[in-house]
Every structure is written in structure tokens, then in C-alpha cells.
Amino acid sequence: EKILMTSCQNEVCCALVQKACWTALEAHHVDIGCRLCEKQLAMIEASCSNGGGVRNVERHVIALTQMGRACMSFQQKTSVAQSYYSRALQLMEGVGGGGNSPLQQLYEIVLNDLASCYEAQHQFSDAEHLYLHLLSLLKSSPDSDERTVVGVMNNLAVKCEEAGQLYSAIDIYQQALYRAQSVAGEEILIGTMMSNLGRCLMTVGNCIDAVGMLEQSLTIMRKWRQGDHPDVAEALKLLSQCYQSCGDLPKATRLAEEAVSIIRSTRDLHHPQVAIHIDQLADCCHDGGDADRAIILSEQSVAILRKNQPEARKHLGAALNNLGMCYFTKNMLREAITTIEESVTLTLPFLPKLHPSVATTFYNLGVCYEKTGDMHRAMELYRESLSIREYILPVHVETASVLNRLAHCVFQQGEVTECFQLFLKSHRILAQVSPVSEAMAEACYYLGVCYMKRSRLREAEEALKEAVRIYKTVYPAGHPYITRVEELLHHVRQRTYGY
């Protein structure tokens with residue numbers, strides 16, 4: 001503050017102010033950090049008004065970049081950050097920056113930051129253009145910073161992930177992780193790469209590898225981000241999601257509770273990240289059967305995200321989807337449909353049509369309409385969800401779940417042939433990814449019913465025997481589902497063998 005008051009512009013003073021700005025932001029003193037950044041930028045712009053050559057441009061660009069990062073990372077003001085980064089690029093291009101100029105490394109950093117900014121605003125084509133330009137520069141420079149290369153690869157992978165190109169994203173994340181592990185002293189970077197790769201592996205259903213990656217990431221973050229830190233909270237949240245996908249709800253809930261506790265202690269209570277972590281805890285509570293607590297938490301999350309529009313619009317769509325399913329569980333169907341339809345309205349403009357989150361929202365809305373008895377609308381939504389799932393994740397347990405729901409609706413309409421084909425396709429998927437599950441048992445049961453209606457009694461018997469075996473594995477003895485299938489199996493055997 002004293003340096004800024006004296007308008008001192010020597011090398012040492014500039015370096016101290018830059019360090020002070022970032023230290024304040026990293027310590028979550030956002031107001032202090034942003035105030036220092038703004039004062040420093042104003043001072044530099046006043047001194048640069050008469051030119052001053054490359055050195056003054058460099059200082060000016062660093063100050064603009066620091067302001068951009070403050071807005072982007074700590075204030076969630078992506079559109080404001082974009083304006084700072086754009087000004088920085090214009091300054092450098094005005095003095096021949098980029099290529100092999102003295103400002104090349106700084107030029108690469110600003111390109112990377114601006115591309116990240118475009119991506120945060122879902123301007124994917126603009127982000128891709130900048131990433132490709134940046135990679136071209138990095139490949140042509142023998143002195144490129146390896147950390148920057150990893151960062152660009154990471155952001156390209158994020159773009160692929162957002163576009164639903166999940167296996168391409170996994171491949172790029174793996175390459176980025178390999179390169180990060182070759183850089184000495186970059187444990188945080190390695191932990192971040194492991195976190196991103198684990199998240200993507202979880203999305204495609206590879207929970208075993210995902211858990212391994214996310215556990216390693218959490219260990220690194222706990223070690224190198226000592227004490228409560230947003231990076232630790234993020235690692236806990238992702239690991240919670242992974243254990244939730246694996247069915248370990250007690251562990252998932254414990255991790256989500258800890259993540260919420262940390263994020264609340266390190267961020268303003270109305271920060272979007274607080275809402276996102278609360279939403280994960282709400283989702284765990286919902287899946288664990290505590291629908292009342294889930295609704296309270298989910299409504300808190302939605303309320304915070306509504307205050308952070310438009311930057312948090314995508315996250316609000318996801319939170320509304322989860323809240324809608326909480327209402328559905330409590331049989332509040334009107335509220336569920338209204339809430340999930342708002343989620344669709346918010347989500348579709350910001351995500352590619354072929355994206356897992358879009359498929360999930362269509363599926364959840366279909367479940368709600370099916371419960372109201374509107375089978376026609378439910379089947380339309382299930383088919384929309386299925387068309388996305390089959391394109392991006394053809395062999396996945398959630399694809400099979402959509403097939404099962406659609407087949408069930410088709411069966412209710414008396415379309416036995418289509419029902420049979422849908423359950424057969426689901427059975428083939430589940431045989432590869434989840435052979436002992438409720439979804440597999442359901443597919444076997446309805447295949448048995450379809451075989452019986454076609455008088456293919458031996459095949460009906462085999463399908464029903466498999467259904468009984470699986471139901472006995474996943475449910476306690478005497479469960480109504482087991483009884484139902486055993487009674488039908490007895491009926492099939494009577495018709496086949498006369499006993």
C-alpha cells in the first residue's frame with residue numbers, strides 16, 4: 001500500500017506489489033487483493049500513457065493479466081476478466097508480441113488465460129481457436145515452459161469433456177498427467193491432473209480407476225495445500241461423487257460433509273462454489289434416503305446460485321435438476337416437473353446437445369411424467385435421453401437404465417416386440433458393465449415375460465432363473481421382487497413340464 005501511494009516504479013517495487021496482490025488473493029483476502037490489483041493497474045497505466053517501450057508494455061500486460069485472474073478465479077466475473085485479457089493481447093500485438101518476441105512467454109500465458117475465460121462462458125469455438133494457436137506456438141518454441149504446455153492440454157481436455165467427447169478428454173488428460181509428472185516440484189499440478197482425469201473416468205463408469213486417481217489427488221492436496229483450502233474441498237467433493245457412483249453412500253456423505261465444511265470456511269457464504277458443494281451433499285442425502293434434509297440443502301444451493309447469475313447459470317441448471325428429483329421422491333410431482341423444466345431451459349443453451357448432463361435431465365423429467373401417467377411424454381423424453389447416451393456412452397450402466405425405463409413404458413402400451421428388443425439391448429450392456437444389479441434383474445425378468453408371451457418357454461425359464469439369482473443377491477430373502485419372479489417362474493415351469 002505504501003509503494004502504491006508513492007507511485008514507485010522501480011523493478012523491486014513492481015515485483016513486491018505483484019507478489020502482494022497474488023498473496024492476498026491466494027489467502028482468500030479477495031477484497032484486499034483486488035484493491036491492490038486495481039491500484040497497481042491504474043498506476044502503471046498512468047505511467048505508460050506516454051509509451052515507454054517493451055518493458056512498460058510488459059508491466060502493463062502483467063497488471064492486466066493479474067486483474068483478469070482476480071476477476072476470473074476469485075470473483076467469478078468472467079466477462080470482466082475477458083476484457084482485461086483482450087486488452088493485454090492487443091497491447092502485445094501492438095508491439096509485435098508473440099512468435100519469437102521477448103514477450104512470447106507472457107503472450108502464451110495470456111492466450112491460455114483468455115481461452116479459459118472463453119471456455120468458462122461456453123464460447124467453445126473461440127476457446128478452441130486460441131488453444132490451437134497456443135499449441136502451435138508452444139510446439140515451435142524449444143524453450144516452452146512445460147507447465148504451460150500441461151495447462152493448455154488440460155484446457156483442451158476440459159473442452160472435449162464439456163462437448164461430451166469423453167474418451168478424447170481422457171486421452172489428453174493422461175498425456176497431460178504424464179508430462180506434469182516429469183516437472184520437478186509441481187505436485188499441485190499433478191494433483192489437479194489426477195483430479196480431472198479421475199472425474200472423467202468416473203463419468204464413463206470406470207469407478208475403480210477413478211477412485212484410485214481421486215484418492216491420490218486428495219492425498220496430494222492435503223499435503224501441499226496445508227489446512228483448509230478450496231482445492232482440498234474440491235478433491236473431497238469429487239471423491240464423494242465417485243463413492244456415490246460406486247454405491248458407498250455413507251463414505252460419500254462423510255466426504256461431502258467435510259468438503260462443505262472446508263469450502264464454507266474459505267469462501268464467502270454466497271460464493272457459487274459453496275452452493276456447488278452443498279448440492280453434492282444434498283445429492284448424497286437424497287440417494288441415502290434422507291429426502292427432507294436433501295430438499296433443505298438443495299434449496300439452499302439453488303438460492304445461492306440464483307444470486308450469482310449469469311456466471312453460475314450452468315451450475316444452477318444442475319442444482320435445479322437435483323432439487324427436482326428431491327421433490328419427486330417426496331411425491332411433489334408438480335414442483336418436480338416445474339423445477340426440472342427450468343433446469344432444461346437453463347442447461348440447453350450452455351451445453352452441447354450430446355452431453356451426459358443433458359441426457360440425465362431428460363431422463364429425470366421422463367421419470368416425473370411417467371409417474372403422472374403421461375406415458376407418451378415420458379417415452380419422448382426417454383428416447384431423447386437414449387439417443388444422447390447411445391452416442392457418447394453406448395456401453396454404460398446409465399444407458400441401460402434409460403433402456404429399461406423406456407422398455408417398461410413400451411410394455412405398458414402393449415408393444416411386446418419393441419419391449420423385448422429394448423430389454424435385450426439393456427441385458428447385453430449390463431452383462432459387460434454391471435452383471436449383478438437391480439437393473440440387470442429387471443431386464444432378465446421382463447425378457448422372461450416377453451419370451452413367455454411368445455411361447456418361448458425354455459428361454460423364458462432361463463431368463464427368470466437369472467432374475468431370481470440376481471434379485472436374491474441384491475435383496476433380502478422374502479423381498480416382493482423375489483416372490484414375484486419366483487411365482488412367474490413356477491407358472492412357466494407348469495406350462496413347460498406340467499409341474
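The following dialogue goes through some terms used for this predicted model and sets values against their definitions.

Author: This is a predicted model, in which local features need pLDDT of at least 70, side-chain atom pairs count only at pLDDT 80 or more, and totals for chains, interfaces and linings use all residues. Residues are numbered from 1 along each chain as its sequence is written, and side-chain values use heavy atoms, with hydrogens and water left out.

Reader: How do you know that the length of helix α14 agrees with its number of residues?

Author: Helices are DSSP runs of H or I with at least four residues, numbered from the N terminus, and the expected span is 1.5 Å times one less than the number of residues. The 16 residues of α14 (residues 272-287) should therefore span 22 Å, and the end C-alpha atoms are 23 Å apart, which agrees. Just after this helix, Gly-289 takes a positive phi of about 95 degrees.

Reader: Why is Gln-280 called buried?

Author: Buried means under 20% relative accessible area, exposed means over 50%, and partly exposed lies in between, with a 1.4 Å probe and protein chains only. Gln-280 has 5% relative accessibility, so it counts as buried. This residue is found in helix α14, where 13 of the 16 residues are buried.

Reader: What makes Lys-237 a contact of Gln-280?

Author: Contact means heavy atoms within 4.5 Å. Leaving aside neighbours within four places in sequence, Gln-280 is in contact with Lys-237, Ser-240, Gln-241, Gln-244 and Ala-256.

Reader: Is Tyr-84 buried or exposed, and how do you know?

Author: Tyr-84 has a relative accessible area of 16%, and therefore it is buried.

Reader: What makes the pair Arg-389 and Glu-398 a salt bridge?

Author: A salt bridge is a side-chain nitrogen of Lys or Arg within 4 Å of a carboxyl oxygen of Asp or Glu. The closest N and O atoms of Arg-389 and Glu-398 are 2.6 Å apart, and by this rule the count comes to 22 salt bridges.

Reader: What links Glu-442 with Arg-405?

Author: Their side chains meet in a salt bridge, with 4.0 Å from N to O. The pair links distant parts of the chain, with Glu-442 in helix α22 and Arg-405 in helix α20, 37 residues apart. Glu-442 is buried, because its relative accessible area is 17%, while Arg-405 is partly exposed, with 21%. Glu-370, Arg-405 and Glu-442 are linked in a network of salt bridges.

Reader: Why are Lys-465 and Glu-462 said to be separated by about one helical turn?

Author: They are 3 residues apart in helix α23 (residues 457-474), which means a separation of about one helical turn. Lys-465 forms a salt bridge with Glu-462, and the closest N and O atoms are 3.5 Å apart.

Reader: Which residues have the most contacts inside the largest nonpolar core?

Author: A nonpolar core is a set of buried Ala, Val, Leu, Ile, Met, Phe, Trp, Tyr and Cys residues joined through side-chain atoms within 4.5 Å. The largest one has 172 residues, and those with the most contacts inside it are Met-92 and Tyr-445. The largest share of this core, 12 residues, comes from helix α22 (residues 438-453).

How values were computed
Helix = DSSP H or I, 4+ residues; strand = E, 2+ residues; numbered from the N terminus.
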